[in-house]
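Take a look at the sequence and the model below. Then read on with the strands and helices in view.

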Amino acid sequence: MSARDSDRFRVAPGAPLRIADHDPADTSGAPGDKKATKKALDGLSDELAGLQERLYAESGQALLVVLQAMDAGGKDGTIKHVFSGVNPQGVRVTSFKQPTAEELAHDFLWRVHANAPRHGYIGIFNRSHYEDVLIARVHGLVDESVWRGRYRHINHFEALLHDAGTRVVKLFLHISREEQADRLRKRLENPEKRWKFQRGDLAERERWDDYVAAYEEAIARTSTAHAPWYVIPGDHKWFRNWAVSRVVIETLADMDPQFPAPAEDLDGVTVT
């Protein structure tokens with residue numbers, strides 16, 4: 001994959017989206033097979049760490065990475081593997097669970113805005129404000145007029161972040177229904193993974209088609225020039241990690257953070 005080839009995962013603003021047209025097992029463009037691609041990740045990890053160091057030192061911009069996926073889609077694994085080499089001092093991961101009573105007493109973006117990254121930081125949302133047009137739609141938690149109106153609010157919110165110096169990148173980790181079944185089965189059978197399995201996962205799985213429809217509309221309605229969506233093939237974890245790394249690195253490279261000049265003239269200063 002060349003410097004900008006990751007744009008093939010990008011959903012063009014205003015374009016319709018049909019998730020079935022995207023192969024979740026696609027590995028084309030990778031630097032090689034599984035072994036070669038995993039080896040290439042070591043170099044990408046170093047590159048990402050260098051860019052993050054510049055972002056933190058400059059402290060004039062921020063990056064927000066939004067991760068969305070079906071259950072067992074690989075959000076936790078992506079965070080663990082893609083961001084393993086960065087300085088945790090400049091990264092903040094936020095997982096959005098069921099809203100608290102305090103959060104429900106405010107608008108749906110209130111808790112999200114409070115967790116947007118400050119300048120110099122990479123913020124990672126493990127699930128996000130998009131749950132309010134996904135789960136809210138599939139489960140009928142609010143009227144259709146309410147969740148449909150949220151697309152406009154989301155676009156305005158992300159435009160505000162962009163205008164304030166925060167670049168927004170949104171990643172849909174796309175897995176097949178068969179791959180989800182395999183991962184859920186392995187969770188259930190592995191004593192060390194069983195804690196991640198909930199009976200509710202099976203009920204949500206029965207709503208697969210409803211979630212696909214919700215994702216298709218949400219992504220199509222909110223992929224913009226300043227806050228694009230990327231559909232990342234996720235059946236092969238090694239390829240997913242590599243593709244996500246490429247998108248994040250390219251975004252940071254476009255932001256081009258720079259080490260700041262020292263706050264005072266240090267010419268002639270020596271340390272003895």
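This report covers the sheet, one of its strands, and some of the helices.

## About the model

This is a predicted model, in which local features need pLDDT of at least 70, side-chain atom pairs count only at pLDDT 80 or more, and totals for chains, interfaces and linings use all residues. Residues are numbered from 1 along each chain as its sequence is written, and side-chain values use heavy atoms, with hydrogens and water left out.

## The sheet

Helices (H or I, at least four residues) and strands (E, at least two) are DSSP runs, numbered from the N terminus. Two strands pair if DSSP finds at least two bridges between them. Six strands form an open sheet here, in the order 1-6-5-2-4-3. The pairing is mixed. Strand 1 (10–11) and strand 3 stand at the edges. Each has a single partner strand, so one side of each is left without a neighbour in the sheet.

Strand 5 (residues 166–174) runs parallel to strand 6 (residues 229–233), and five bridges join them. Lysine 170 stands opposite tryptophan 229 in strand 6.

## Strand 4

Strand 4 (residues 122–126) has parallel partners. Five bridges join strand 4 to strand 2 (residues 62–69). Five bridges also pair strand 4 with strand 3 (residues 91–95) in the parallel sense. Isoleucine 122 has leucine 63 opposite. Valine 91 stands opposite isoleucine 122 too.

How many of the residues of strand 4 are buried? Five of its five are. Buried means under 20% relative accessible area, exposed over 50%, and partly exposed in between (1.4 Å probe, protein chains only). In a regular strand the side chains alternate between the two faces of the sheet. Both faces of strand 4 are covered, with Ile122, Ile124 and Asn126 on one side and Gly123 and Phe125 on the other.

## The helices

Helix 6 (residues 144–163) and helix 9 (residues 208–222) pack at an angle of about 40°, with their axes 10 Å apart. Axes are lines fitted to C-alpha atoms, for helices over the stretch in contact, and angles run from 0 to 180 degrees between N-to-C directions. The two helices are therefore oblique to each other; angles under 35 degrees count as roughly parallel, over 145 as roughly antiparallel, 65 to 115 as roughly perpendicular and the rest as oblique. Helix 6 contributes Trp147, Arg148, Tyr151, Ile154, Asn155 and Glu158 to the contact (heavy atoms within 4.5 Å). Helix 9 contributes Glu217, Ala218, Arg221 and Thr222.

Helix 10 (residues 237–255) lies across strand 2, strand 4, strand 5 and strand 6. Helix 10 runs at about 165° to strand 5.
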